[in-house]
Amino acid sequence: MCFKKGCESYRKSIRCETIEGEFNSLLKNLSPTKGNIALFNAIFSKLWDMQAKQVNTMKAQLERKITDTGSEVNQLLKRIVSASNESVIAANEGEIEKLERDKLVWAEKAQNITRQKSTFSEMFELAINFLANPQNLWKNGQLAGRKTLLRLAFSGPLTYKRNEGFRAPEVSSIFKALEGFFQRKF
C-alpha cells in the first residue's frame with residue numbers, strides 16, 4: 001500500500017501474490033547460470049589452493065632461514081673458541097646476538113603463519129549456495145534470513161510502482177561483480 005499523499009496509488013493496495021511473484025522473478029534474474037557458478041567455484045577454489053601453497057612456501061622459507069641462522073651461529077661460536085683477540089671475540093659475539101634476534105623474529109613469524117583449518121568447500125559452501133540461488137534463502141528462510149538476503153542482494157531499498165513493478169533495483173556489489181565477471185545482464 002502506498003502512503004505517499006498525492007500519489008495516484010495513495011491508499012490503494014496491491015495483491016501480495018503479485019509483488020511476491022515479481023520479487024521471485026527479480027531474484028531469479030540475479031542467479032547466475034549453473035555453469036557460471038561452477039566456473040566461479042573452480043576459480044576461487046584454485047585461488048584458495050594457490051594461497052595455501054604460498055603459505056606453506058613462506059613457512060618453509062622461514063624455517064630454512066632459522067636453520068641457516070643456527071648454522072651461522074655455530075660457525076661463529078667455533079671462531080670465538082679459536083680466537084685469541086678480544087676485539088674479534090666481541091665482534092663475533094655481537095654478530096651472534098644479532099643472528100639470535102633475527103632467529104627469534106623468524107620463529108615468531110613462522111608460528112604466526114597459520115595453515116588453513118578448513119577446506120574451500122567447508123568455508124564457502126553456504127556463500128556459493130546463496131549466490132547460486134538466492135531464491136532458496138527467501139523461500140526457506142526465516143525473517144532474519146530474508147532481511148540478510150535483502151541486504152546482501154540489494155544495496156538500497158526496493159521501490160515498487162503500481163502497474164509497472166519493481167523500479168530498477170540497485171544490485172549489491174557482489175552481484176555486480178558477478179555480472180561483470182560473467183558478462184551477463186541482470
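Is Q135 buried or exposed? Some notes on that and its surroundings follow.

1. Ground rules. The model is predicted, with local features taken at pLDDT of at least 70, side-chain atom pairs counted only at pLDDT 80 or more, and totals for chains, interfaces and linings using all residues. Numbering starts from 1 along each chain as its sequence is written, and side-chain values use heavy atoms, leaving out hydrogens and water.

2. Q135 counts as buried, at 16% relative accessibility. The cut-offs are under 20% relative accessible area for buried, over 50% for exposed and partly exposed in between, with a 1.4 Å probe and protein chains only. Q135 sits in helix α5 (residues 134-140). Helices (H or I, at least four residues) and strands (E, at least two) are DSSP runs numbered from the N terminus. Not counting residues up to four places away in sequence, Q135 touches N24, L27 and K28, where contact means heavy atoms within 4.5 Å.

3. Now the partner, N24. This residue is in helix α1 and is partly exposed, with 28% relative accessibility. Leaving aside neighbours within four places in sequence, N24 is in contact with Q135 and W138. From N24 to Q135 is 111 residues in sequence, yet 6.7 Å C-alpha to C-alpha.

4. Helix α1 checks out on length: at 1.5 Å a residue its 15 residues should span 21 Å, and the end C-alpha atoms are 21 Å apart, which agrees. The expected span here is 1.5 Å times one less than the number of residues. Its buried residues are F23, L26, L27 and L30. They cover an arc of only 95° around the axis, so they lie on the same side of α1; the arc is taken from the directions from the helix axis to the C-beta atoms. E17 and K28, on the other side of α1, are exposed. As background, an α-helix has 3.6 residues a turn, so residues three or four places apart point the same way.

5. The largest nonpolar core has 19 residues, and F23, L27, L30, L131, F154 and F175 touch the most other members. At least two residues each come from α1 (16-30), α2 (34-82), α4 (120-132), α6 (143-153) and α7 (173-182). Another core, of seven residues, lies apart from it, and V73, I80, A83 and I89 are among them. A core here is a set of buried Ala, Val, Leu, Ile, Met, Phe, Trp, Tyr and Cys residues joined through side-chain atoms within 4.5 Å.

6. On to the rings. The whole structure has seven aromatic pairs. Rings of Phe, Tyr and Trp (its six-membered ring) pair if their centres lie within 6.5 Å; planes under 30 degrees apart are stacked, over 60 edge-to-face and the rest tilted. F23 and F154 make a tilted pair, 6.3 Å centre to centre with 50° between the planes. F23 lies in α1 and F154 in the loop between α6 and β1 (160-161), so this pair ties together parts 131 residues apart in sequence. Both are buried: F23 has a relative accessible area of 5%, and F154 is at 3% relative accessibility.

7. F23 also pairs with F166: the ring centres are 6.0 Å apart and the planes at 55°, so this pair is tilted. Ring pairs link F23, W138, F154, Y160 and F166 into a cluster.
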